[in-house]
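Subject: Structure handover

Hi,

Here is the model for you to look over. My notes follow below it.

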Amino acid sequence: MSERRKIAVVGAGIAGLALARSLHDIADVTVFEKSRGVGGRMATRRAGAGGFDHGAQYFTVRDDAFRRMLEPAIEEGIVQAWTGTIGSCSRTSPGIRHEAVLSPRFVGTPGMTGLPKWLSRGLDVRLATKVDAIEGVPCRWEIAVGSERIGPFDWVVTACPAPQALALLPASFSRREPIANANMNACFTLMITLEYPALSDHCALRYDDEIISFVADNSSKPQRSAQPSLVVHCQNTWADRNIGSDLDAVRSAMLGNLAKLMPGIASNIAAVEIHRWRFANVDVASADDVLIDVDSRLAACGDWTIGNRVEAAFLSARKLSQALGASL
Ligand SMILES: Cc1cc2nc3c(=O)[nH]c(=O)nc-3n(C[C@H](O)[C@H](O)[C@H](O)COP(=O)(O)OP(=O)(O)OC[C@H]3O[C@@H](n4cnc5c(N)ncnc54)[C@H](O)[C@@H]3O)c2cc1C
């Protein structure tokens, strides 16, 4: 019987976890994650009376393989539908247009991180472990964490945003160019605790405002705290222009425009927190969606190989796991 390969995965977002899960029957997989919890941009922050989904708001399940993987999580109630109507508000036409539901919307429970936590069950995930470099040679790669060297690993796969992958992958990785071609936008997110509910007919509103892009009724999602709360995302182009700005100034600008869009909101706010996402959304995906170099035994995956969605991150990992499985 051939020896099981050792694989290091950098990043415990949906892509890294889906990849590790699909490989852990045929290889020894270790996932390294710099944060204290799993999920990456499928994020939930505890604040006030409950938790805020301050990254991805919901996800679609269009792909059959994604659906098959999620079925047990749906049965367990870890993944549930987020029902309700999303409204769309335009500067050029008055009123709120109801968006058609083209594909059901799903969320993790009791917060968005419910799904990545479920995915990580039984996996070897090293939390609070920031990978500083990938050192060594193929089949003897080492993961550098401060002065510590962890390994050796036969393969290393990055499952983090494109700019972070590019910074980590050694020069010998032959697929650097498609990574460099991918472009990611920033975003700022407000987490607002309210005194009383603000959205009555909608679970979320989309805006074409200069600053505000999306307002979600966080408390309308299943199994959330009853405390009324909103999650507010800004426009990516505005975030890119303001990425280096002081957070208090960003918060004031966002709250200023929110007050214009939702008259009366200012007197309803009990508390506000803000989060800066440096690499939030995929603006331009890489030209190639399977980034593997069999000679150097390095590979990369993440939403940015396909598009700007949770489902894209899963599909990226799935495509890579098929290519890797054939090479192990
Ligand atoms: C504000 C916002 C709103 C969004 N809204 C939606 C939405 O409504 N619907 C939707 O489908 N998608 C949405 N998305 C996109 C969705 O969240 C992503 O497509 C998906 O979560 C990406 O998963 P990933 O695994 O590719 O990357 P990530 O989730 O970014 O995971 C990468 C992980 O790598 C870790 N990492 C990075 N560098 C290192 C290192 N050196 N060492 C160790 N660990 C490292 C990070 O900490 C992170 O946990 C949104 C994203 C944001 C930010």
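Two strands count as paired if DSSP finds at least two bridges between them. Helices (H or I, at least four residues) and strands (E, at least two) are DSSP runs, numbered from the N terminus. This is a predicted model, so local features need pLDDT of at least 70 and side-chain atom pairs pLDDT 80 or more, while totals for chains, interfaces and linings use all residues. Residues are numbered from 1 along each chain as its sequence is written, and side-chain values use heavy atoms, with hydrogens and water left out.

The three-stranded sheet

This sheet is open, ordered S10-S11-S12, with antiparallel pairing. Neighbouring strands are turned by 25° against each other on average, direction ignored. Five bridges join S10 to the antiparallel S11 (residues 140–145). Ala133 faces Ala144 in S11.

The six-stranded sheet

The order is S9-S2-S1-S13-S20-S19, open, with mixed pairing. S9 and S19 are the edge strands; each has a single partner, so one side of each lacks a neighbour in the sheet. Twist averages 15° from one strand to the next. S2 (residues 27–32) and S9 run parallel, joined by three bridges. Thr30 has Asp124 of S9 as its bridge partner.

H8 (residues 310–327) has 18 residues. The axes of H1 and H8 come within 8 Å and cross at roughly 35°. Axes are lines fitted to C-alpha atoms, for helices over the stretch in contact, with angles from 0 to 180 degrees between N-to-C directions. H8 lies across S13, S19 and S20, at about 15° to S19. H1 lies across S1 (5–10), S2, S9 and S13, at about 165° to S2.

Ser120

Ser120 sits in the loop between helix H3 (114–119) and strand S9 (124–126). Ser120 is buried, at 16% relative accessible area. A polar atom of its side chain lies 2.9 Å from the backbone oxygen of Lys117. Beyond neighbours within four places in sequence, Ser120 contacts (heavy atoms within 4.5 Å) Leu17, Val38 and Val125.

Best wishes

Methods: Buried means under 20% relative accessible area, exposed over 50%, partly exposed in between (1.4 Å probe, protein chains only). A polar contact is a pair of N or O atoms within 3.5 Å; within protein, one must be able to donate a hydrogen and the other to accept it, and residues adjacent in sequence count only if both atoms are side-chain atoms. The expected span of a helix is 1.5 Å times one less than its number of residues.
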